[in-house]
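Here are my notes on the model, point by point. Please read them with the structure open.

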Amino acid sequence: MITFIRKNKRAILLTALVVLNFCLAAFGNDMTNGAGGGNTKNKIEIKDFMFSPPTITVKSGETITWINRDEEPHTIVSVGKKFPKSSALDTDQEFSITVSAPGTYEYFCSVHPKMTGIIVVEE
Ligand SMILES: [Cu+2]
């Protein structure tokens, strides 16, 4: 009886370890590919007519996602059209881009041109 319990405990522990490893692997993968839902990396919130953070630094090839937390519609427009502009984002709507060429990208909201932000893409 005792040995049975011990074996069982060991099996549970092993299963837990396997599950934990799997989670870590999945999480690690998510961090490196930079895409997919639920990822908080490179997220810019639009709130109170501001981009937050106003300046973001990313690595080449990473995805940047804006989410509109205001009740007002906002857009993301690149100065010099370096990346495609968004449509007017409604509340909780998202817009993503992936930039590969290193450099500094300025953008603004075409509805409220005083709203500006900067993306710095590093190699
Ligand atoms: Cu706006």
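1. Start with a term. Strands here are DSSP runs of E with at least two residues, and they are numbered from the N terminus. In that numbering, Phe49 lies in the loop between β1 and β2. Keep in mind that this is a predicted model.

2. Overall make-up. The chain has one helix and eight strands. Reading from the N terminus, the order is α-β-β-β-β-β-β-β-β. Of the 123 residues, 15% count as buried. Among contacts with a separation of 6 or more, 45% join residues 24 or more positions apart.

3. Which order do its strands take? It is an open sheet of four strands, ordered β2-β1-β4-β6, and the pairing is mixed. β2 (50-52) and β6 (94-98) are the edge strands, and each pairs on one side only. Neighbouring strands in this sheet are turned by 20° against each other on average, direction ignored.

4. The β1 and β4 pair. Strand β1 covers residues 43-47, and strand β4 covers residues 63-68. The two run parallel and are joined by four bridges.

5. Pairing along β8. How many bridges link β3 to β8? There are five, and the two strands pair in the parallel sense. β8 spans residues 116-122. Within this strand, Ile119 is the bridge partner of Ile56. Glu122 in β8 stands opposite Lys59. β8 also pairs with β7: these two run antiparallel and are joined by six bridges.

6. Tyr107. Its bridge partner in β8 is Gly117. Setting aside residues up to four places away in sequence, Tyr107 touches Ile76, Val77, Ser78, Val79, Thr116 and Gly117. Tyr107 also belongs to the largest nonpolar core.

7. The core itself. The largest nonpolar core has 12 residues. They are Ile44, Ile46, Phe51, Ile64, Trp66, Ile76, Ile97, Val99, Tyr105, Tyr107, Cys109 and Ile119. Which strands supply at least two residues each? β1, β4 and β7 (103-108) do. Ile119, the partner of Ile56 in β8, is also in this core.

8. Phe49. This residue has a positive phi of about 60°, yet it is not a glycine. Phe49 has 13 inside 10 Å, so it counts as partly exposed.

9. Lys81. Here too phi is positive, about 50°, and the residue is not a glycine. Lys81 sits in the loop between β5 (77-78) and β6. Lys81 counts as exposed because it has 8 C-beta neighbours inside 10 Å.

10. A cis bond. The peptide bond from Ser52 to Pro53 is cis, with omega near 0°. Where is Pro53? Its place is in the loop between β2 and β3 (55-59). When checking this spot, recall that β2 (50-52) is an edge strand.

11. Arg69. This residue is in the loop between β4 and β5. Arg69 has 13 C-beta neighbours inside 10 Å, so it counts as partly exposed. Leaving out neighbours within four places in sequence, Arg69 is in contact with Glu45, Ile46 and Lys47. Of these, Ile46 is a member of the largest nonpolar core. How far is Arg69 from Gln93? The two are 24 residues apart in sequence and 8.2 Å apart in space, C-alpha to C-alpha.

Note on methods: Residues numbered from 1 in each chain as written. Predicted model: local features only at pLDDT ≥ 70, side-chain atom pairs only at ≥ 80, totals over all residues. Pairing = 2+ DSSP bridges. Axes fitted to C-alpha atoms, helices over the stretch in contact; angles between N-to-C directions. Buried ≥ 20, exposed ≤ 12 C-beta atoms within 10 Å, placed from the backbone. Contact = placed C-beta atoms within 7 Å. Core = buried A, V, L, I, M, F, W, Y, C linked by C-beta atoms within 7 Å.
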